[in-house]
Amino acid sequence: MIARLALRPRRTPARVGARSSRLAVQRSVLLAILAPFVAIVTLFHLVPFLWSLYLSLHRWAGVGVPRWVGLGNYTGILQDATIQAAFLNSALFILVMVPALTVFSLACALLLNHALLPLRGMMRVLVFLPYVTPAIVAAIIFSIAFNERFGHVNAMLHLVGIAPVDWLKTPTGARTVVVLTGIWQVLGYTTLITLGGLQTLPQDLYEAATIDGANAWQRFQAITLPLLSPTLAVVSVIALLFALNLFLPYFLFPATNGYGPERATGTVSIVQYVYAFTNRRYGEAAAVGCLVGLVGFLIALLQIRIWRSSRGWTT
């Protein structure tokens, strides 16, 4: 024991100082790497969030000093018939678009991942292309396609003997156009995420199941769906946030500020925009944004809990 202690090198002040210098250099490098990220998050996320929270408790028209009103903005907007209709419309879009996007993303990803699909690379690019299309361009495309007189959809309906539908001037038709446009625009992104999850699944499980005699549907139920559940949960949350912040109706129905026929397509994002940039009621607009953020956060937590309980996640 004494010999072992005698052989152990002593920590001289020079060695301790050198080690401390290396740690200081490593710490400085780490701080230098993290500094841009922290600065961006602070400048573009934290500061706007705190400013919105501050504005939501004040009455402000863009000039002068904000006037403190406490929770008056929140009580005021919750009693506003326009914002109530907007929340109902947003809830309807969420109920339709979230399951539709989750199912369609899975179906498209399975198709694009199939080995027998010709021109897979080109097909993946075509599926993703609508996501990088500006919202105003998507709105123009679908406004033309669903036009009552010269739209392609009514032309196809005419071929099978169905009378033309006035899609853009009835509440049900307008909501249908909004949902289809939204799904078309974001489906490429959610499909890409689902496809990435599919390609990470271990192939030896499929080979073992095939040897055991499992058919394609059994392999999908026993392997693909359980292992892909975390990815589908992410896709459903992305679809939720997209539907909750839907702004497409503003470009589809510009004459009514996006509210559409009988206020059938007005969403909370559109109401927030009109409050802020048309009516200059920035306090109420900030209150709407805070409520939307809180609702989205709570619904996302609920979604994750449902996926956890249904699939037996342990982490």
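A polar contact is a pair of N or O atoms within 3.5 Å; within protein, one atom must be able to donate a hydrogen and the other to accept it, and residues adjacent in sequence count only if both atoms are side-chain atoms. The model is predicted: local features need pLDDT of at least 70, side-chain atom pairs count only at pLDDT 80 or more, and totals for chains, interfaces and linings use all residues. Residues are numbered from 1 along each chain as its sequence is written, and side-chain values use heavy atoms, with hydrogens and water left out.

View 1. Helices (DSSP runs of H or I, at least four residues) and strands (runs of E, at least two) are numbered from the N terminus. Asparagine 73 has 1% relative accessibility and therefore counts as buried (buried is under 20% relative accessible area, exposed over 50%, partly exposed in between; 1.4 Å probe, protein chains only). Its side chain makes a polar contact of 3.3 Å with the side chain of arginine 59. Beyond neighbours within four places in sequence, the residues in contact with asparagine 73 (heavy atoms within 4.5 Å) are Leu55, Ser56, Leu57, His58, Arg59, Gly283, Glu284 and Ala287.

**View 2. The salt bridges of glutamate 284 with arginine 59 and arginine 281.** A salt bridge places a side-chain nitrogen of Lys or Arg within 4 Å of a carboxyl oxygen of Asp or Glu; the structure holds 2 of them. In the pair of arginine 59 and glutamate 284, the closest N and O atoms are 3.7 Å apart. This pair links distant parts of the chain, with arginine 59 in strand 1 (residues 58-59) and glutamate 284 in helix 13 (residues 282-311), 225 residues apart. Between glutamate 284 and arginine 281, the corresponding separation is 3.5 Å. Through shared partners, salt bridges join Arg59, Arg281 and Glu284 into one network. Glutamate 284 is buried at 8% relative accessibility, whereas arginine 59 is partly exposed at 35% and arginine 281 is partly exposed at 34%.

**View 3. Packing of helix 5 (residues 120-128) and helix 8 (residues 171-199).** The two axes, lines fitted to C-alpha atoms over the stretch in contact, come within 8 Å and cross at roughly 140 degrees. Helix 5 is therefore oblique to helix 8; angles run from 0 to 180 degrees between N-to-C directions, and oblique covers those left after roughly parallel (under 35 degrees), roughly antiparallel (over 145) and roughly perpendicular (65 to 115). Arg124, Val127 and Phe128 in helix 5 meet Gly188, Tyr189, Thr191, Leu192, Leu195 and Gln199 in helix 8.
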